[in-house]
Amino acid sequence: MKRIFLIGYMGAGKTTVGKILSKALNLSFIDLDYYIEGRYHKEIKQLFAEKGEDAFRDIEHKMLHEVAEFEDVLISTGGGTPCFFDNIKFMNQAGTTVYLKVSPDELAKRLEICKQTRPVLKNRSGEELRDFIASSLKTRAPFYEQAQVVFDAEKMDTEDDAESIGEQIKSLL
């Protein structure tokens, strides 16, 4: 029985790498955000807007515990998941945690492209976006750094890069 949790900031590549790695390890893949959306029949941004962050984090916590009951699974978490309640401790006890570590500059580059779909980033760009990410990362780093495996996922420009990262992580597990 295997259970792997991918953690890291939005844009770090958790879903991309998670799909590749789960296939390589013959594990089921679950994106926690998509799982929540399926259960609640609403997008994450809609849940945030309607219920507020505290209620969303409570839902996320409950759904994390639910999917952690599954066996032979790789779970890609939301960027904030490890930072609330006892989530990082819980994930470390329930399986193997892998932190995809990426610099604020690279995250800003990746997220500039899709910021319109991410409410917290929507009205930020350039240096303001980078500074926001750097500040958020500073707050979240103490949680992320508790992962059992910390992996530098800085270079992920192509599908081949993502495949390579998946293979490298597989060799570490």
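**Aromatic pairs and the central sheet**

In this predicted model, Y99 and Y144 are both buried. Counted by ring centres that lie within 6.5 Å, there are three aromatic pairs. One of them joins F48 and F56 in a tilted arrangement, with 4.7 Å centre to centre and 35° between the planes. The two partners can be described by their accessibility: F48 is partly exposed, with a relative accessible area of 30%, whereas F56 is buried, with a relative accessible area of 2%.

Y99 and Y144 form another tilted pair, at 5.0 Å centre to centre and 35° between the planes. Because Y99 belongs to strand β4 (residues 96-101) and Y144 to helix α6 (residues 126-144), this pair ties together parts that are 45 residues apart in sequence.

Five strands make up an open sheet in the order β2-β3-β1-β4-β5, with parallel pairing. Its edge strands are β2 (28-31) and β5 (149-152), each of which pairs on one side only. On average, and ignoring direction, neighbouring strands of the sheet are turned by 20° against each other. Between β4 and β5, the parallel pairing extends over four bridges, and L100 stands opposite F151 in β5.

Helices also meet this sheet. Helix α1 (residues 14-24) packs on the sheet and touches β1 (3-7), β2, β3 (73-76) and β4; the direction of α1 makes about 170° with that of β2. Helix α7 (residues 159-172) lies across β4 and β5, and runs at about 155° to β5.

Technical notes
Residues are numbered from 1 along each chain as its sequence is written. This is a predicted model: local features need pLDDT of at least 70, side-chain atom pairs count only at pLDDT 80 or more; totals for chains, interfaces and linings use all residues. Side-chain values use heavy atoms; hydrogens and water are left out. Rings of Phe, Tyr and Trp (its six-membered ring) pair if their centres lie within 6.5 Å; planes under 30 degrees apart count as stacked, over 60 as edge-to-face and the rest as tilted. Buried means under 20% relative accessible area, exposed over 50%, partly exposed in between (1.4 Å probe, protein chains only). Helices (H or I, at least four residues) and strands (E, at least two) are DSSP runs, numbered from the N terminus. Two strands pair if DSSP finds at least two bridges between them. Axes are lines fitted to C-alpha atoms, for helices over the stretch in contact, and angles run from 0 to 180 degrees between N-to-C directions. Contact means heavy atoms within 4.5 Å.
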